[in-house]
Amino acid sequence: MDQIIERFKKLDTTCVSDAMDKIGIECSVYGIKPVQSGEKICGRAFTVHYAPCGAVKGTVGDFLDDVEPGQVIVIDNAGRDNCTVWGDIMAKTAKKYGITGTVIDGVCRDIPAVLECRYPVFSKGYYMRTGKDRVYVDAVNVPVTLSDIQVCPGDIVIGDDTGVVVVPQSRAEEVAEIAENIDRKEQEILALVAKGYKLKEARAMTGYHHLQTKEK
């Protein structure tokens, strides 16, 4: 069992984002949201990079057979919204393979089928136009980007209804510890408010305003 993944599974993206702010590393992926609410993903990244087709046509999805159960597929399609790189066959196959979810810097399609099989997909939107003969996979398990956030193979990717964050594997222990502390403090604030304390008092008592402050 991957212990650090198990720790991050208990945290939401907001606590992790705050923790990353504290150590001064950008991790919050802008503009990518879940296709279906109520889904949460957490796993190590299997990265995929797409490039525009020219003379080389290539394939759009055969990499799926190389992804390990529990991993999160991270697709860098350069934010393209004019062709898709993920649909129903990919979603249903990924679910069968035990893959945790897919995050796309771009768009997906076949939304009714994706929703029906309840495979978690995070993307910038939906569009029916195929990526075949328009883009192709030119590399897997290389550094890629989601919006302007770099993702390396093995980095930890977390997604929920609020969005997606990426934790560099080299900083995972540090980030988990900070995020867990933030989560504890926020629960303490709610408990104090429930006891009758004013919000301002509860925040002061827990040091809330310094939890996300960047370390010098």
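Helix 4 (111–117) is among the elements that cover the buried residues of helix 3, with contact taken as heavy atoms within 4.5 Å. Helices here are DSSP runs of H or I with at least four residues, strands are E runs of at least two, and both are numbered from the N terminus. The model is a predicted one, where local features need pLDDT of at least 70 and side-chain atom pairs pLDDT 80 or more, while totals for chains, interfaces and linings use all residues. Residues are numbered from 1 along each chain as its sequence is written, and side-chain values use heavy atoms, leaving out hydrogens and water.

Helix 3 itself spans residues 88–97, and M90, A91 and A94 are its buried residues. Buried stands for under 20% relative accessible area, exposed for over 50%, and partly exposed for what lies in between (1.4 Å probe, protein chains only). Looking down the axis of helix 3, the buried residues fall within an arc of 95°, so they line one face; the arc is taken from the directions from the helix axis to the C-beta atoms. Over on the other side, I89 and K96 are exposed.

D110 counts as partly exposed because its relative accessibility is 28%. Leaving aside residues up to four places away in sequence, D110 touches G87 and D88. Its side chain reaches the backbone nitrogen of D88 at 3.0 Å.

Notes
Polar contact = N/O pair within 3.5 Å; in protein donor to acceptor, adjacent residues only side chain to side chain.
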